[in-house]
Each structure stands twice: as structure tokens, then as C-alpha cells.
Amino acid sequence: MPSHSNENLSMVYFQDFVLEGFGGGLETQALLFTLFLALYMVTLLGNILMIIIITLDARLHSPMYFFLKNLSFVDLCYSSVIAPNALANFFSSSKVITFAGCATQFFFISLLATTECFFLGVMAYDRFMAICSPLRYPSTMCQSACTRLVLGAYCGGCFNSVVQTSFTFHLPFCSSNRINHFFCDVPPLLQIACGNTAINELLLFGICGLIIVGVMFVILISYGYITVTILRMRSGTGRHKIFSTCGSHMTVVTLFFGTAFVMYAQPGAIESMEQGKVVSVFYTLVIPMLNPLIYSLRNKDVKEAVQRLGQKHMAI
């Protein structure tokens, strides 16, 4: 650990961090390891299957499923950035992560979480165009437009990640190197910083709050118009199909933004780390696991695609 002296003030800057994770004895650690492993394996299986099904079934080659495939890819990467390291640390005596490793993990977590947020807004806009402007939908949501929307979501996620990572890891970490969490996240890192974190907290609440509110505004406006359009429909079959697809999306939106608001968009988030760990498990492992289940169980097209692939496999 190198030391730095400045005007009679001696501070020690740490090159490594320790991820404290969850407390408890060996039995508790074993139970948590089993839980994390089960959640991660189901997440991998569900999202990989969703990507394969959408890729192989030509009937799912539409903008909605193009965005859903990208959402599954983001969920897959998001869990993989966190879960393997957390699993290794359950039975590790040191639980050490290097400064560079922590910064890298932090960067990708921020990138993928923000990108997923934008994807949910894009998917709401896609449903709005498909239901409220069906005649303009093929030209508006063409392949090039969908590609630009996906790239825009990744660029927005990258911008937020660069800002959050650069400001967070320019702070001096000299009071402690023990992170009270199971991965590198903003609130626990700000707790152990020995410099002024006011700007970082302002950025955290400001940028994340702006993103959450902005995307939620797009979603609410889109579903407001969708609701009006549904109420004007005379066909019960049409209403049911729209409710099945939109209901799945709204369930995912509620889960994602509810946990994101609890963790990042309210001033008390930084102070409640123990509660934050439980919430973090939910949005880093449980939600990525639930997303493919929600979209497959409540979506007739996906269920039919699974049956067709199963029948082809049996025939082969």
C-alpha cells in the first residue's frame, strides 16, 4: 500500500479492496452460495434459451423480439459480471478484489444496468407504435431504426458508466479498504471514501434520477396511449393479445424501476447498506432470472415458438 504525504497529513491509499459480502457462519455462507448458484444457473439457462429461440424462429424476427433478445443478452452479461466473483468469495478467506478489478466491475455494472433501463423505454415505445400507429409501424420501426435505438441505449449506458466510474474512482480511499457489499457499487464505495463525496452523491441522484424519471415518462406516456387504444377496441381477442404482451413488459418495468429507485434515486439509499444488499440480490440476480420467465410464460408467441422448436428437435 503506497503512502502519500501532503502538508503534514499522511494518508494511506489502498491498492486492493475487500468485499465483505454477507455475514454469518459457514452454514449461512453455504446456504447463500447455493441460493446464488441456483439463481445464476437459472438466469443463464433462461436468457440463453430466450436468445436461441428468438434467433432460430423466423416468426419472432420482429422489432419487439429483437429488443427482447438484446434485453436477454444484457441480463446475461449483467449477472455474469457479479455472480461468479460473489460465488468465489463465499468460501474465500481474503475476498480481495484489486482496485482495477473493482473499477472494471463497477464500469460494466453501471453500463449494463443503464442500458437495460433504456431498453425498457425503447420496448414501451415499440409497443406504442405497433398498437397506436400500426400503419406507420413497419416504416418507423424498420431494421435500421431498431439498430439505432439499440446502439443509442448502449451509448447512453456507456456515457453514464464513464461519468460514474471516473468520478467514483478519483476519490481517495484512505479510511478503509473494506467494502460492505458483495460487489463494487456506488453507495458502499462512497461510504469508505475519505474525500468530499457531495459531488458524487449529486451525480448519483441527479443522473440516475434523471434517467429513471425520463424513461418512466416515456413508458407512462406510451402506455397511456396504449390504454386508450385498447379501450376503443371491439375485439376481445385483440385486447387479450395486447394485454398479454404489454402485461409482461409492465411487470418487468415495475420490478426493475422499483428496485432501482430504492437503491439509487433516493437520498437515504447510501446509508442503509444491509437493506441495500438484499435489494441488490433482487435486481442483480432475481430480476434477470425472472425476465425470460415472465416473457415466455405470459407470451403466446414465445410459447408457440418453444413448441415448434421442441417438435423439430423430436423429429430430428
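Author: Start with the crossing: H3 passes H7 in a left-handed crossing (the near helix is turned anticlockwise from the far one by less than a right angle; clockwise would be right-handed). This is a predicted model, in which local features need pLDDT of at least 70 and side-chain atom pairs pLDDT 80 or more, while totals for chains, interfaces and linings use all residues. Residues are numbered from 1 along each chain as its sequence is written, and side-chain values use heavy atoms, without hydrogens or water.

H3 spans residues 99-132, and H7 spans residues 198-232. Helices here are DSSP runs of H or I with at least four residues, strands are E runs of at least two, and both are numbered from the N terminus. The axes of H3 and H7 lie 9 Å apart, at an angle of about 20 degrees. Each axis is a line fitted to C-alpha atoms over the stretch in contact, and angles run from 0 to 180 degrees between N-to-C directions. H3 is therefore roughly parallel to H7 (under 35 degrees; over 145 is roughly antiparallel, 65 to 115 roughly perpendicular, the rest oblique).

Now the residues. From H3, those that meet H7 include Thr-114, Phe-118, Gly-121, Arg-127 and Ile-131. On the H7 side, Ile-211, Val-215, Tyr-223 and Thr-229 are among them. Contact means heavy atoms within 4.5 Å. By class, the contact of H3 with H7 has 15 nonpolar, four polar and one charged residues. Nonpolar covers Ala, Val, Leu, Ile, Met, Phe, Trp, Tyr, Cys and Pro; charged covers Asp, Glu, Lys and Arg; the others, Gly among them, count as polar.

Ser-222 is buried, because its relative accessible area is 5% (buried is under 20%, exposed over 50%, partly exposed in between, with a 1.4 Å probe and protein chains only). Leaving aside neighbours within four places in sequence, Ser-222 touches Ala-124, Tyr-125 and Phe-128.

H3 has another partner, H2 (residues 63-90). The axes of H2 and H3 are 10 Å apart, and the angle is about 160 degrees. That makes H2 roughly antiparallel to H3. H2 passes H3 in a left-handed crossing. The H2 contact with H3 holds 18 nonpolar, four polar and four charged residues.

H2 also packs on H5 (residues 143-168), where the axes come within 10 Å and cross at roughly 25 degrees. H2 is thus roughly parallel to H5. The crossing of H2 over H5 is right-handed. Among the residues making it are Phe-66, Phe-67 and Asn-70 of H2, and Cys-146, Val-150 and Tyr-154 of H5. By class, this contact of H2 with H5 divides into nine nonpolar, three polar and no charged residues.

Step back to the chain. There are 10 helices and five strands. Buried residues make up 48% of the 316 residues. Of the contacts with a separation of 6 or more, 78% join residues 24 or more positions apart. The unreviewed UniProt entry annotates "transmembrane region" at several spans, including residues 106-125 and 202-226. Such annotations use the numbering here, with shortened feature names, and may be inferred rather than shown by experiment.
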